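Student: I am new to this structure and would like to learn how to read its features. Could we look at it together, one feature at a time?

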Amino acid sequence: MTNKNYNINDLGFDKNLGKFRIDNNLETFSVGRVILEHKERYVVLTEYDELDCELIGNLRYTAQSRADLPAVGDWVALSEYDSDKGLIHTVYPRKNVLERQSPRRNGEKQIIASNIDYGLIVQSVNRDFSINRLERYITICHAANIDPVIILNKVDLVKKEQLTKLINDVNSRIGSILVIPISNTTGEGLEFIRPVIKKGNTYCLLGSSGVGKSTLINSLAGNVLMKTGAISEAIDRGRHITTHRELIVLETGGVIIDNPGMREVGITDSSVALEMTFEQIYKLAEDCKFNDCSHQNEKGCAILAALGSGELHQETYDNFMKLEREQARFSTTMYEKRKKDKAFGKMVKQAINQKSLKRR
Ligand SMILES: Nc1nc2c(ncn2[C@@H]2O[C@H](COP(=O)(O)OP(=O)(O)OP(=O)(O)O)[C@@H](O)[C@H]2O)c(=O)[nH]1
Ligand SMILES: [Zn+2]
């Protein structure tokens with residue numbers, strides 16, 4: 001499939017990447033951005049084309065983990081062959097990665113997307129609405145050093161008073177983040193999203209299945225949408241794909257990454273992220289009488305006092321405690337896994353050494 005031409009900067013290629021390209025002698029390779037990943041096959045968007053790519057052997061064999069392989073949003077150096085195929089040689093350094101716990105809960109992280117400027121957290125105001133889940137997604141954005149924006153979709157399905165209450169609830173628990181109520185059905189609110197989306201920036205949609213992420217992309221793109229469905233089918237010879245992700249370039253500028261079908265979003269090991277999300281709690285904690293206060297039953301706990309006076313929401317406190325436990329559990333599992341991997345590596349090394357000793 002041939003595209004109209006894109007300017008590489010409009011796709012998000014910036015000065016730092018340009019410098020890396022020169023410093024590492026990558027100018028003989030084409031530059032492209034991964035827009036879809038499926039079982040070690042990648043669709044890469046260049047200025048002129050969409051290419052069906054594989055990795056060069058070296059890249060595959062030197063990868064220590066999944067995280068070293070290309071992810072959606074990555075910039076890559078590639079060589080083209082035939083008219084629509086390519087080989088990926090190098091993954092450019094990532095500005096950031098949005099990641100979550102692997103749903104297998106084995107202490108591994110899973111990349112949602114890379115090189116993102118804003119996280120667009122989408123919830124629908126009827127079924128899916130949950131401030132706890134908003135805080136979870138916000139924490140994931142903070143861990144990647146990405147600014148979150150909250151989009152409350154399907155406002156056509158609730159009454160005005162109900163919507164006003166929801167928005168007040170969000171604002172009273174999550175003060176400083178932009179909240180945009182919209183409806184894809186009536187089109188209201190879309191005019192407030194458009195100015196947020198700028199040329200050269202990349203936006204990642206985050207939110208449960210069915211909240212209206214793909215519909216939102218269609219609303220923003222109008223009819224001139226560049227979608228990758230055709231390619232994903234070609235890769236899989238028409239088989240149904242449920243795991244792939246998509247990167248879409250809006251005609252009006254701005255790159256949007258969709259994450260279809262996300263179920264769990266476990267937070268990982270960034271304590272700074274929790275601190276940013278629950279700033280109020282961390283501030284209060286400075287006034288606790290004991291430095292190692294667990295904020296559960298201590299006398300002189302500033303957090304419990306704030307709960308008592310109503311200054312701190314019970315729900316905020318409960319969710320914070322829950323996410324903090326989840327983070328601790330993840331960190332422990334990750335640590336145990338690394339220790340095990342290391343021990344295993346050592347054992348293999350020893351076995352190989354002994355073998356080569358015997359051979360002598
Ligand atoms: N009433 C109403 N329905 C909407 C609105 N936006 C989306 N929908 C409907 O919600 C359903 C799910 O929308 P999708 O865009 O597929 O949701 P998604 O978030 O992309 O879901 P996944 O791809 O599974 O992650 C569809 O039937 C849409 O037509 C809206 O503003 N109002
Ligand atoms: Zn305390």
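Tutor: Let us begin with a term that the first feature needs: a residue is buried if 20 or more other C-beta atoms lie within 10 Å of its own, and exposed if 12 or fewer do. Please keep in mind that this is a predicted model.

Student: How many residues of strand β8 are buried?

Tutor: Strand β8, residues 118-124, is mostly covered, with 7 of its 7 residues buried.

Student: Which residues point one way from β8, and which the other way?

Tutor: In a regular strand the side chains alternate between the two faces of the sheet. In β8, Tyr118, Leu120, Val122 and Ser124 point one way, while Gly119, Ile121 and Gln123 point the other way. The residues of both groups are buried.

Student: Which strand do 7 bridges join to β8?

Tutor: That strand is β9, residues 147-153, and β8 and β9 run parallel. Within this pairing, Leu120 stands opposite Val149, and Gly119 stands opposite Pro148. From β8 the chain passes through helix α3, residues 131-143, to reach β9, in a β-α-β crossover that is right-handed.

Student: What is the bridge partner of Gly119 in β11?

Tutor: The partner of Gly119 in β11 is Cys204. Strand β11, residues 202-206, runs parallel to β8 and is joined to it by 4 bridges.

Student: How many residues of β9 are buried, and where does the chain cross to from β9?

Tutor: Strand β9 is mostly covered, since 5 of its 7 residues are buried. It is joined by 3 bridges to the parallel strand β10, residues 179-181, where Pro181 stands opposite Leu152 of β9. The chain crosses from β9 through α4 to β10, and this β-α-β crossover is right-handed.

Student: Which residues does UniProt list for "binding site"?

Tutor: An unreviewed UniProt entry lists Cys288, Cys293, His295 and Cys301 under that heading. Cys288 lies in the loop between α9 (279-285) and α10 (302-309), and Cys301 is placed in the loop between α9 and α10. Cys288 touches Cys293, His295 and Cys301, among others, not counting residues up to four places away in sequence. With that exclusion, Cys301 touches Cys288, Cys293 and His295.

Student: Which residues are the closest to ligand 1?

Tutor: The closest are Ser209, Gly212, Lys213, Ser214 and Thr215, in a shell of 17 residues. Helix α6, residues 213-221, supplies the largest share of this shell, 3 residues. By class, the shell has 3 nonpolar, 11 polar and 3 charged residues.

Student: What is the phi of Arg105, and what is the phi of Lys154?

Tutor: Arg105 has a positive phi of about 55°, although it is not a glycine. Lys154, which is not a glycine either, has a positive phi of about 65°.

Student: Where do Arg105 and Lys154 lie, and is each buried or exposed?

Tutor: Arg105 is in the loop between β6 (97-101) and β7 (109-114), and is exposed because 12 other C-beta atoms lie within 10 Å. Lys154 is in the loop between β9 and α4 (160-173), and is buried because 24 other C-beta atoms lie within 10 Å.

Technical notes. Residues numbered from 1 in each chain as written. Chains lettered and ligands numbered in written order. Predicted model: local features only at pLDDT ≥ 70, side-chain atom pairs only at ≥ 80, totals over all residues. Helix = DSSP H or I, 4+ residues; strand = E, 2+ residues; numbered from the N terminus. Pairing = 2+ DSSP bridges. Right-handed = clockwise from strand over helix to strand, strands pointing away. UniProt positions renumbered as here; feature names shortened; annotations may be inferred. Contact = placed C-beta atoms within 7 Å. Near = placed C-beta within 6 Å. Nonpolar A, V, L, I, M, F, W, Y, C, P; charged D, E, K, R; others polar.
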